[in-house]
Amino acid sequence: YTVARLPVDNADDFCAWLLSDFEYENQTVFMAPASGFYTASDKGMDEVRIAYVLKKEDLAVCLKILDAALKVYPGSKVRKAALINDEMNS
């Protein structure tokens with residue numbers, strides 16, 4: 001396992017959204033919000049716990065799915081930056 005910081009406003013909401021509202025090429029990924037692994041309530045709000053898979057090929061697919069999700073998730077800082085950039089260029 002590893003804990004990764006993601007450019008999202010709230011990892012709990014992001015993880016739920018991945019399972020309920022997002023798919024990329026008929027797939028999604030399951031990650032655990034890391035906030036539950038901390039005793040302080042303000043820790044881990046933008047972190048997720050990721051389990052490594054046995055095949056490198058599966059992990060590569062998961063990274064593609066995660067990349068696609070971060071580009072469209074409403075609470076994504078990646079998406080917000082792209083929208084600001086688009087507004088500035090139009």
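**Legends to the close-up views**

View A. Cys62 has a relative accessible area of 27% and is partly exposed (buried is under 20%, exposed over 50%, partly exposed in between; 1.4 Å probe, protein chains only). This is a predicted model, in which local features need pLDDT of at least 70 and side-chain atom pairs pLDDT 80 or more, while totals for chains, interfaces and linings use all residues. Residues are numbered from 1 along each chain as its sequence is written, and side-chain values use heavy atoms, without hydrogens and water.

**View B. Cys15 and its nearest cysteine sulfur.** Across the whole structure, zero disulfides are found (cysteine sulfur pairs within 2.5 Å). Cys15 takes part in none, the sulfur of Cys62 being its nearest at 13 Å. Cys15 itself is buried, at 5% relative accessibility.

**View C. Secondary structure of the protein chain.** Three helices and three strands are present (DSSP runs: H or I of at least four residues, E of at least two, numbered from the N terminus). Their order along the sequence is β-α-β-β-α-α. The C-alpha atoms occupy a box of roughly 45 × 35 × 20 Å along the principal axes.

**View D. Packing and surface.** Among contacts (heavy atoms within 4.5 Å) with a separation of 6 or more, 62% join residues 24 or more positions apart. Of the 90 residues, 28% are buried. The accessible surface (Shrake-Rupley method, 1.4 Å probe; for residues, only the protein chains shown count as cover) is about 6200 Å², with 54% belonging to carbon and sulfur atoms.
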